[in-house]
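Subject: Structure for your files

Hello,

Here is the structure I said I would send. My notes on it follow below.

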Amino acid sequence: MTTREGAGADPFVRHRNLLFTVAYELLGSAADAEDVLQESWLRWADVDRAEVRDPRAYLVRIVTRQSLNHLRTLSRRREEYVGEWLPEPLLTSRDVADDVELAESLSIATLTVLETLGPAERAVFVLREVFDLDYDEIADAVGKTQAAVRQIAHRAKEHVAARRPRVQVGATEQERVVKRLMVAFNTGDVQGLMDVLAPDVVAIGDGGGKARGAARRPIRGARKIVAFLIGATEKWGLHPVAAMTWINGAPALRVEVDGELAGTVSVVVGDGLVTRIYSVANPDKLARLDAEAPLAR
């Protein structure tokens with residue numbers, strides 16, 4: 001999870017994993033986060049290092065500002081997106097789950113809620129709640145007064161708390177439920193699927209208009225979800241196979257069709273049942289799932 005270059009390495013290299021995590025939390029896209037890091041590196045290369053007292057804070061400020069610029073562009077792009085938009089999933093190690101706060105902030109559920117915040121609100125929330133920056137540092141990064149940042153932080157925290165799934169379970173319990181879901185899915189056990197899904201479960205799919213059998217609108221209710229799944233596989237002649245993996249710090253499913261990656265399935269678990277499903281099948285968002293993401297806090 002951490003960069004292993006020695007203390008003599010350039011501060012950008014030393015803190016790169018942290019900077020990537022900041023950008024990803026702000027953008028919900030690894031590809032865009034990498035673009036931000038490239039732009040930030042170019043700006044850092046022109047900085048007089050002798051004038052920088054705290055390289056880590058300075059670099060976080062650069063990355064935050066570049067991310068805010070990207071967020072304004074992305075908001076226009078997402079208005080034209082086909083179907084539901086979900087964050088780009090990241091392959092993570094089990095170790096990420098040990099940092100509960102980081103894992104919670106990285107969850108697809110939380111990142112989806114962060115999409116409902118404005119750019120400044122999202123930046124303030126992430127920098128304060130995830131990375132525990134002081135208000136003066138955040139104010140410097142987002143170009144606002146400390147008083148304004150405190151108000152934004154309070155408002156954003158309430159907004160996220162009201163919309164984020166309330167039921168929290170440990171990684172072990174979630175892994176157990178995801179395994180049940182995987183077995184029922186792979187064996188075609190309709191009753192097994194019904195038994196692991198909450199009656200009022202909601203499924204949100206992101207195919208970007210490019211994936212066969214992907215729903216373009218949320219599906220509500222276990223019966224409707226199972227019926228859609230059966231109908232889609234029969235219509236398109238698909239034979240999907242699911243395997244356990246770790247996505248964004250939580251147990252999840254990697255789905256393959258004919259040996260090729262077709263999507264990921266992340267879930268929210270409550271009372272031993274799946275209460276929400278996030279499936280990403282847009283091929284543009286699946287390119288980075290063969291290597292663990294470099295994350296740090």
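Phe20 is buried, at a relative accessible area of 2%, and Tyr24 is buried too, at 0% (buried means under 20% relative accessible area, exposed over 50%, partly exposed in between, with a 1.4 Å probe and protein chains only). This is a predicted model, in which local features need pLDDT of at least 70, side-chain atom pairs count only at pLDDT 80 or more, and totals for chains, interfaces and linings use all residues. Residues are numbered from 1 along each chain as its sequence is written, and side-chain values use heavy atoms, with hydrogens and water left out.

Aromatic pairs: the count comes to three, where rings of Phe, Tyr and Trp (its six-membered ring) pair if their centres lie within 6.5 Å, and planes under 30 degrees apart count as stacked, over 60 as edge-to-face and the rest as tilted. Phe20 and Tyr24 are stacked, because their ring centres are 6.3 Å apart and their planes are at 10 degrees. The two residues are four apart in helix H2 (residues 16-27), about one helical turn; helices (H or I) are DSSP runs of at least four residues and strands (E) of at least two, numbered from the N terminus.

Trp44 and Tyr58 form a tilted pair, 5.9 Å centre to centre with 55 degrees between the planes. Trp44 is in helix H3 (residues 30-45) and Tyr58 in helix H4 (residues 55-79), so this pair ties together parts 14 residues apart in sequence. Trp44 is buried at 1% relative accessibility, whereas Tyr58 is partly exposed at 24%.

Regards
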